[in-house]
Amino acid sequence: DVKVTQSSRYLVKRTGEKVFLECVQDMDHENMFWYRQDPGLGLRLIYFSYDVKMKEKGDIPEGYSVSREKKERFSLILESASTNQTSMYLCASRGARNQYFGPGTRLTVT
Amino acid sequence: DQQVKQNSPSLSVQEGRISILNCDYTNSMFDYFLWYKKYPAEGPTFLISISSIKDKNEDGRFTVFLNKSAKHLSLHIVPSQPGDSAVYFCAASGGSNYKLTFGKGTLLTVNP
């Protein structure tokens, strides 16, 4: 079974803090993704990576950056957290044509 | 522009009956469709998929139907169980594009 893990299930940060969300997959997948999920808005793609050190912006990249130094690890960075970044953050890894998701990180920015 | 639409935000059915969740798409390049199920505070889990070369795919209680001419797919759950209560997301991809485009989800509630 594909396993995608995320560093935290719940996180509370203050406005202006730099926030790191980490994701690790164990299936040697090349493609990894970061989404956020908000009620009524579905899953929106923030960034994705198609190989080590390669990244592309998704639909809502503003306020975020990413890092992929190793194949198994994909990090999402909030450079200066704001209250409108309070959300559920989901990491996914792609095998064949399916994406496999981690358990999610519920981030609250106060 | 929403390329994948789930027009029903919620659906309520009785245990043992059929649940039908619908999804429409606009992009003709989509050739692979998936359904994910999501419980609160958990990540989505893959449920079932269908390629555009098929019009039906079945896995136990779950069946996905694809109508390419109408650009419509549906997920049937028979019989519905209380544990099926979750948000269901429809997703699509096309060709060599490995990104998935998601609908906004439908909250299914199965009442005992």
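This passage describes the interface between chain A and chain B, the nonpolar cores, and the surroundings of one buried serine in a predicted model. Because the model is predicted, local features need pLDDT of at least 70 and side-chain atom pairs count only at pLDDT 80 or more, whereas totals for chains, interfaces and linings use all residues. Residues are numbered from 1 along each chain as its sequence is written, chains are lettered from A in the order in which they are written, and side-chain values use heavy atoms, with hydrogens and water left out.

At the interface, 20 residues of chain B are in contact with 22 residues of chain A, contact being taken as heavy atoms within 4.5 Å. The area buried between the two chains is about 1,800 Å², of which carbon and sulfur atoms give 58%; this buried area is the accessible area (1.4 Å probe) that two parts lose on being put together, summed over both. Within chain B, the residues that lose the most area to chain A are B:Tyr98, B:Lys99 and B:Phe102, which together account for 34% of what that side buries.

One salt bridge is counted between the chains, the term denoting a side-chain nitrogen of Lys or Arg within 4 Å of a carboxyl oxygen of Asp or Glu; it joins the side chains of A:Arg97 and B:Asp31 at 2.7 Å, N to O. On the chain B side, strands β4 (32–38), β9 (86–94) and β10 (97–102) each supply at least two of the residues that touch chain A, strands being DSSP runs (E, at least two residues) numbered from the N terminus.

The largest nonpolar core has 23 residues, and those with the most contacts inside it are B:Phe33, B:Trp35, B:Leu73, B:Leu75 and B:Tyr88. Such a core is a set of buried Ala, Val, Leu, Ile, Met, Phe, Trp, Tyr and Cys residues joined through side-chain atoms within 4.5 Å, where buried means under 20% relative accessible area (1.4 Å probe, protein chains only). The largest share of this core, four residues, comes from β9 of chain B. A second, separate core of 20 residues includes A:Val4, A:Ile46, A:Leu76 and A:Tyr89.

B:Ser74 lies in strand β8 of chain B and counts as buried because its relative accessibility is 7%. When residues up to four places away in sequence are not counted, B:Ser74 touches B:Ile20, B:Leu21, B:Asn22, B:Trp35, B:Thr63, B:Val64 and B:Phe65.

Definitions and conventions: Buried means under 20% relative accessible area, exposed over 50%, partly exposed in between (1.4 Å probe, protein chains only).
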